[in-house]
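Let's take a walk through this structure, from the overall build down to single residues. Have the sequence and the 3D view open as you read.

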Amino acid sequence: MRRDFLHTFSIKMLLAFVVVLCSYSTSYAQEDNASEKTIYTYHQDQYPTGFDNYMMATYYYNGRKVYNIRGYVASYSKDLISSLKINPSGTSYALLTENGDESKINIFDLWKAERLLGKVKKVENATAIAYTADARNLVVATPSEILVCDARTFEVLESFATPIVANKIVLSANNYYIAASNGSRLIVWNFDNKNIRKEFTYNANVNDMAFSDDSQRFAVLTDDGKLSIYNTNSYLEDRTYDAMGYALDCDFNTDGKYISVVCSGTRIAIINLLDETDRLFLSEEQGGITEAHFVLDGHGKQFLMYNTAENLIYRKMVELTPNYSRLLADELDTKMNDWMKQMPDESLEDYRLRVNDETRVEQMKLYEQEIATRMADDIAINSLTDITLGSYNTESNMLSVNLGELPTIYLEVPSEDVGDFSNTEDLEFINVKYGLTSDDKFELIYADVRNKTTGKVYTYNNLERRSLELLELEEDFVPLEVIQQSNIQEVKLQEIKETVMAEAKEQNTISDHTNIAVKTRVDSTTNADGEKIMNFVTDVNYTVEKGFSAQEDFGPGKYKAEESGAAMSMLKIIKQALEGEFASYVKSGKRLIIKIHGMADAMPIHGKIAYDGSYGEYVGEPIYKGDIGSNTLSNLSLTKADGITQNEQLAFVRALGVKDYIAKNIEGLDTMDTDYSYYIEVTSGKGGEYRRISVQLIFVDAF
């Protein structure tokens with residue numbers, strides 16, 4: 001049979017499919033519980049000429065046919081297929097086919113066999129295709145132009161000239177950059193203004209290129225076996241790796257700490273970009289490897305997916321450690337943003353004494369130690385039970401102490417006490433603190449070492465080492481006057497909140513059982529030209545206590561913002577702020593990013609909730625699954641005819657109601673370059689307290 005059950009899957013079954021995918025294999029599933037290594041192998045009758053992934057779903061092509069992971073035909077073409085790209089939201093895939101000098105771009109449904117959704121018309125001699133990371137655009141290269149098409153209507157929206165005939169194009173996840181290559185030439189454009197950002201000419205042909213998921217790094221692989229890594233702020237080369245064999249393909253892992261390189265048909269290298277001594281090599285005797293992609297399953301577990309001559313292979317990458325430096329930086333930012341707020345009862349004089357350039361650095365050090373010490377956890381505990389003693393320097397009185405996986409420390413011990421250190425089991429480490437090194441490894445930076453036999457305590461103190469995070473963040477410090485301005489505005493936002501809530505309580509639309517939270521901060525970042533900018537970020541959200549949601553928030557099956565006293569109170573706060581105290585940020589032509597988080601509980605929907613179409617109709621609308629900050633892209637459909645049958649749709653339509661109010665009722669936003677995105681979450685709990693909305697507004701380059 002040509003139609004597999006995957007073809008008839010609706011998009012709402014995607015996550016279930018991902019779970020199933022990890023439970024069985026066409027050929028075999030090999031699992032070693034002791035090492036937690038898991039490999040899934042899917043035998044294929046056709047050798048993949050090329051492939052693409054949506055999470056764990058893989059579609060590949062050979063000749064004139066497209067196959068899914070289990071080898072069933074997903075679509076046919078009369079012409080030879082030269083490229084396949086899956087829409088990042090998981091709705092469809094684009095096929096580039098060629099017949100002599102002619103080319104076609106057809107878009108097929110990802111989940112229904114041979115269902116043609118549309119064609120990109122008026123395109124001649126297309127040479128490469130790629131989707132933007134937000135799934136909104138399909139980008140097409142021709143011999144003379146780069147075309148930007150709407151990913152749902154397939155209409156060409158804009159175009160710009162290219163001096164090369166691109167055989168490959170890639171885009172950064174933040175939509176800042178588009179890169180195209182042909183032979184030894186590679187060009188990076190600013191995707192917003194279409195100006196050339198950087199042009200490279202190599203001594204060899206470009207085989208592959210990739211942006212990291214955070215868009216901070218750009219990798220270029222050339223057929224002389226070189227891998228070049230660039231910082232996208234400057235496009236200056238950070239490092240180069242030689243001896244990459246045939247250098248066929250490369251891909252960053254999800255947190256940007258590692259990159260895979262297909263060195264040959266039988267060998268893949270996994271390189272730790274923070275520690276050059278850390279490399280993993282995977283070998284496949286049967287050969288045939290051409291590509292390797294990092295993918296996530298439905299539980300957020302990371303796999304490396306690659307092809308061989310006979311199989312598609314998914315290998316769980318349990319050997320790869322998290323990017324601790326990034327995790328530390330994210331938490332450090334959050335803690336510092338809170339610490340730099342002016343306290344409610346704190347005078348301006350006291351605030352300036354507490355928060356200044358010197359105290360900010362010291363507080364960062366303290367937070368860094370606190371976060372790193374908590375993160376070290378099992379790694380550190382195991383290392384402190386694997387102690388061996390090294391040499392003793394009689395001139396400096398320093399005894400080297402080896403701590404398992406951690407770097408060696410040097411403990412000051414008087415010469416007369418050295419004999420007391422014969423038994424390492426007598427040593428007890430107290431008040432331990434850890435830090436991170438520049439190669440993303442934990443190190444001991446403070447400990448009181450007690451000899452349990454003699455009772456003597458020796459202190460190891462390296463707290464004054466230059467902080468890892470300070471190395472990166474000193475240049476990114478937000479000026480204190482800007483922080484103080486943000487603090488003042490947050491106080492004013494709090495005042496607006498209290499006024500709006502008091503009025504709502506008088507009108508009995510909410511009570512003390514509804515709580516609205518407001519917060520502001522300033523983020524230092526860079527724009528697409530690599531220039532330092534500062535974004536003004538405002539978060540507004542609410543909670544309603546259990547048992548009061550039906551009266552003060554959305555009732556069961558309700559979705560219009562006007563039907564929620566809590567949602568309308570939140571929106572009135574935003575309106576008053578943007579038309580009043582924050583009006584200076586509402587500037588014509590400036591960019592504003594609005595992220596709306598819509599939630600629904602797990603109460604099942606029986607039958608269908610009517611949708612009146614007041615917010616428009618959506619088919620395959622890109623949405624993010626999870627709270628604000630999630631990058632798990634999916635899609636939802638909402639039409640008047642079909643109504644609302646899923647909790648995800650209910651959360652989505654609540655978010656649409658918020659967008660509708662903001663767009664129609666706040667003056668000046670229609671003159672801004674406003675970008676809305678939706679974050680949809682269905683909780684595991686049941687009850688009205690889970691039906692709520694939150695909004696984040698990011699005024700880009702506000703200062």
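One term comes up again and again, so here it is: a residue is buried when its relative accessible area is under 20%, exposed when that area is over 50%, and partly exposed in between, using a 1.4 Å probe and protein chains only. Bear in mind that this is a predicted model, where local features need pLDDT of at least 70, side-chain atom pairs count only at pLDDT 80 or more, and totals for chains, interfaces and linings use all residues. Residues are numbered from 1 along each chain as its sequence is written, and side-chain values use heavy atoms, with hydrogens and water left out.

How confident was the predictor? pLDDT is its confidence in each residue, from 0 to 100. The protein chain averages 90, and 93% of its residues reach 70 or more. The stretch to treat with care is residues 1–35, where pLDDT stays under 50. Contact, from here on, means heavy atoms within 4.5 Å. The model has 72 contacts beyond four places in sequence for that stretch.

Now step back and look at the whole thing. The protein chain has nine helices and 42 strands; these are DSSP runs numbered from the N terminus, with helices being H or I over at least four residues and strands being E over at least two. Along the principal axes, the C-alpha atoms fill a box of roughly 85 × 75 × 50 Å. The radius of gyration, taken over C-alpha atoms, can be set against a globule rule of 2.2 Å times the number of residues to the power 0.38. For 703 residues that rule puts a compact globule near 27 Å, and the protein chain agrees with its 28 Å. Of those 703 residues, 52% count as buried. Among contacts with a separation of 6 or more, 55% join residues 24 or more positions apart.

What sits in the middle? A nonpolar core is a set of buried Ala, Val, Leu, Ile, Met, Phe, Trp, Tyr and Cys residues joined through side-chain atoms within 4.5 Å. The largest one here has 102 residues, and F429 and F699 have the most contacts inside it. Leaving out neighbours within four places in sequence, F429 touches L384, I387, L403, I409, L444, A447, D448 and V449.

Next, find helix α8, residues 565–579. Its 15 residues reach 21 Å from first C-alpha to last, close to the 21 Å expected at 1.5 Å a residue, where the expected span is 1.5 Å times one less than the number of residues. Because 11 of those 15 residues are buried, α8 is largely enclosed by the rest of the structure. The buried ones include M568, L571, I574 and L578. Their cover includes α6 (480–506), β36 (514–526), β37 (532–544), α7 (549–552), α9 (647–665) and β42 (693–699). One of these, α9, has 19 residues and reaches 27 Å, close to the 27 Å expected. It is largely enclosed too, since 14 of its 19 residues are buried.

Which residues does L697 touch beyond four places in sequence? They are F536, V537, T538, I574, L578, L592, I593 and I594. L697 and T538 are 159 residues apart in sequence, yet their C-alpha atoms are 5.2 Å apart in space.

G616 is partly exposed, at 26%, and touches Y611 and L638, not counting residues up to four places away.

Two backbone spots deserve a look as well. Most residues other than glycine have a negative phi. Y235, however, has a positive phi near 60°; this buried residue, at 2% relative accessibility, lies in the loop between β21 (226–231) and β22 (236–241). N431 has a positive phi too, about 55°, but sits in strand β33 (residues 427–436) and is partly exposed at 47%.

Last, the cysteines. A disulfide is a pair of cysteine sulfur atoms within 2.5 Å, and a search of the whole structure finds zero. The sulfur of C263, for example, is 11 Å from the closest cysteine sulfur, in C250, too far for a bond. C263 is buried at 7%, and C149 is buried at 0%.

Key
pLDDT = per-residue confidence, 0-100.
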